[in-house]
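Hi,

Here is the structure I promised to pass on.

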Amino acid sequence: MNGEQTIERPNSFPMFRAMVGIGALCGLLIVLTYEGTLPRVLRLKEEALQKAIFRVLPGISQTRAFTFKNGGFAPAEEGDADLIYAGYDDQGQFKGVALEASGQGYADVIRILYGYDLEKQAVVGFYVLESKETPGLGDKIEKDPNFLENFKALDVSLSDDLKSVKNIVVPVKSGTKANPWEVDGITGATISSRAIGNIIGKSSAEWVPLIYGQRSDFEKREIE
Amino acid sequence: MKNKGKNIPTSTDEFIKGLWKENPVFVQVLGMCPVLAVSNTALNALAMGMATAFVLLMSNILVSLLRNFIPKEVRIASYILIIATFVTITDYAIQAISVELHKSLGAFISLIVVNCLILSRAEAFASKNKLGRSIMDALGMGTGFLFALFCLGAVREVLGSGSFFGVSLFPLDFQEWVVMILPAGGFFTLAAWLLIFNLTKRKEAGA
């Protein structure tokens, strides 16, 4: 053993010092930026949401957030999740609700907001809140005028017993829309446009009968 | 990297090098993922180019300042950590500037981490040079990358969508070349620009 040469190992302390030092510096920079931008980001997101509610429920002038608990709709309190936004006109008449829904798109989960008008029994507006769909292709779901035309009066009327939607909203191939409950797709954004049809179909089938059945929960509340 | 010879390059040389002589896209053919993916409209190309240039500048500054502190065994890990930090900061900053802009670029911002242009500048230049030269190098390379991305984005948007920065350019009956906004269009446009760039450089060399 005595005759063996010992291999000199590099001192690991400088490496350790560099990695820990850079890690701490980077962590600090990230935390400072996050904390610095958070109030503005939250405010911008809230403003964007409010704008979106008025966009998907044309003709309303006031909104109020509700949540679904214990089998009924109640005004939302701070910290409540899964909010539903009720819209009222100038006279305080309850017009409809804006609902958030999400589902898998092409790149990632797409989060949308859509408006349901109780009088028309139809989806009357749609807006993409969050999407990572390919710019120029998948993001046509937000811009394509023919696609957006689908959501001006998308039929979600209820069956005679008012317990389910008569025809669930379904996506169809571009140019083949024949019924008011079908969503005409987009060429070049097939997966993304189909995803929107399916998201609204699933969410409306679940929520529309509940909201219509308990519309008095929204009507009887005084507007602040 | 090219050997720069015995003449000491000035700051302007460093800048021009990135913009033209060693343009990261047209000469070094680096960072092809964002070049092909985010160049389908002029606005996306511009925003992505600016975000990349900012990350490149900030990481070059930090790498250059810390060059004597980082042992060579852990240099790549350190550079990646620094680059990822500035990408995260850019992401937050874009969110704070505009929700709409973040919505259209969100998917691609995180990809800046793996842009080999930024790592290559940190490794080949900033880690061996003083702060001033590293800043000029980053500004040159960043502007060169932005210029190249914009060249591709402008052509693809005009032909593929019939518009420029969202403003319609042609009569209503114009048939858009949809292929230009598809991935194949990115390759076609890049090939065309490489051809033009190389012909120009060859002419310059011959003159």
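Is α3(B) largely enclosed by the rest of the structure or largely open, and why? Keep in mind that this is a predicted model. Of the 24 residues of α3(B), 18 are buried, so the helix is largely enclosed by the rest of the structure. As for its geometry, α3 of chain B runs over residues 42-65 and spans 34 Å from first C-alpha to last, close to the 34 Å expected at 1.5 Å a residue.

Now the interface. On the chain B side, 27 residues are in contact with 26 residues of chain A. Helices α4 (75-97) and α5 (99-109) of chain B each supply at least two residues of the side that touches chain A. The largest share of that side, eleven residues, comes from α4(B). Sorted by class, the side of chain B that touches chain A has 16 nonpolar residues, nine polar ones and two charged ones.

On confidence, the predictor gives the complex an ipTM of 0.81 and a pTM of 0.76. Chain B has a mean pLDDT of 87, with 96% of its residues at 70 or more. Within chain B, α4(B) has the highest confidence, at a mean of 93, and α5(B) the lowest, at 76. One stretch to watch is residues 1-5 of chain B, where the pLDDT is below 50. Beyond near neighbours in sequence, residues 1-5 of chain B have three contacts in the model. Where pLDDT is low, predicted coordinates should not be read in detail.

Cheers

Conventions. Residues are numbered from 1 along each chain as its sequence is written. Chains are lettered from A and ligands numbered from 1 in the order in which they are written. This is a predicted model: local features need pLDDT of at least 70, side-chain atom pairs count only at pLDDT 80 or more; totals for chains, interfaces and linings use all residues. Helices (H or I, at least four residues) and strands (E, at least two) are DSSP runs, numbered from the N terminus. The expected span of a helix is 1.5 Å times one less than its number of residues. A residue is buried if 20 or more other C-beta atoms lie within 10 Å of its own, exposed if 12 or fewer, and partly exposed in between; C-beta atoms are placed from the backbone. Two residues are in contact if their C-beta atoms, placed from the backbone, lie within 7 Å. Ala, Val, Leu, Ile, Met, Phe, Trp, Tyr, Cys and Pro count as nonpolar, Asp, Glu, Lys and Arg as charged, and the others, Gly among them, as polar. pLDDT is the predictor's confidence in each residue, from 0 to 100.
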